[in-house]
Amino acid sequence: MLFVLSAKCFHIMKHTLKSGFTLIELLIVIALIAVLAGAVIIALNPARQFQQARDSERWSHVSVISNAIQQNIAENRGAWTCSVGDIPTSTTPINSTTGYDLCTCLVPGNLAALPADPSTGSFTDCATYDTGYTIVQATSTGRITITATPELAAGIEVTQ
């Protein structure tokens with residue numbers, strides 16, 4: 001009797017050792033995981049997330065430049081006193097070569113460094129920089145507008 005019981009146990013153990021996943025089952029699971037991973041990546045859209053982050057940085061930069069100009073004007077009793085002259089009345093790039101040189105007016109007094117566009121701008125020092133942003137002062141109202149070119153949004157500008 002003991003021998004028969006042992007044979008049954010051996011038969012059951014032998015059967016359970018053979019159970020497992022087939023190649024087809026494993027391929028189906030891998031395909032499902034791939035499809036789900038693809039859907040998640042598409043839903044998150046990392047390229048768009050990076051574009052939104054750069055646009056947020058542009059918003060921050062034009063606000064910082066605008067606030068620094070306001071601070072400079074307030075420190076000079078309501079007058080813009082800059083060695084490079086008045087703020088232009090036509091849209092002009094903010095850079096050290098062909099545009100309006102804001103750096104000499106704001107750095108280091110009002111800003112530690114001039115912010116630059118995360119994609120196209122560059123700032124090393126006041127001698128060589130290109131912010132990638134533009135500035136204009138309306139002749140009728142005297143309002144100053146700093147503008148950035150966004151990747152996603154309709155337009156980025158701060159007017160004071």
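Student: Why is Leu26 called partly exposed?

Tutor: Its relative accessibility is 42%. Buried means under 20% relative accessible area and exposed means over 50%, with partly exposed in between (1.4 Å probe, protein chains only). At 42%, Leu26 therefore counts as partly exposed. The model is predicted: local features need pLDDT of at least 70, side-chain atom pairs count only at pLDDT 80 or more, and totals for chains, interfaces and linings use all residues. Residues are numbered from 1 along each chain as its sequence is written, and side-chain values use heavy atoms, with hydrogens and water left out.

Student: Where is Leu26 placed?

Tutor: Leu26 is in helix α2, residues 23-44. Helices are DSSP runs of H or I, at least four residues, numbered from the N terminus.

Student: How do you know that the span of α2 agrees with its 22 residues?

Tutor: The expected span is 1.5 Å times one less than the number of residues. For α2 that should be 32 Å, and its end C-alpha atoms are 32 Å apart, so the two agree.

Student: What makes α2 hardly covered?

Tutor: The count of buried residues among its 22 is zero. Asn45 follows α2, with a positive phi near 50 degrees.

Student: Why does Asp55 count as buried?

Tutor: Asp55, in helix α3 (residues 46-75), has 6% relative accessibility, so it counts as buried.

Student: Which side chain does Asp55 join in a polar contact of 2.8 Å?

Tutor: That of Arg58. A polar contact is a pair of N or O atoms within 3.5 Å; within protein, one must be able to donate a hydrogen and the other to accept it, and residues adjacent in sequence count only if both atoms are side-chain atoms. The Asp55 side chain also reaches the backbone nitrogen of Glu151 at 2.9 Å.

How values were computed: Helices (H or I, at least four residues) and strands (E, at least two) are DSSP runs, numbered from the N terminus.
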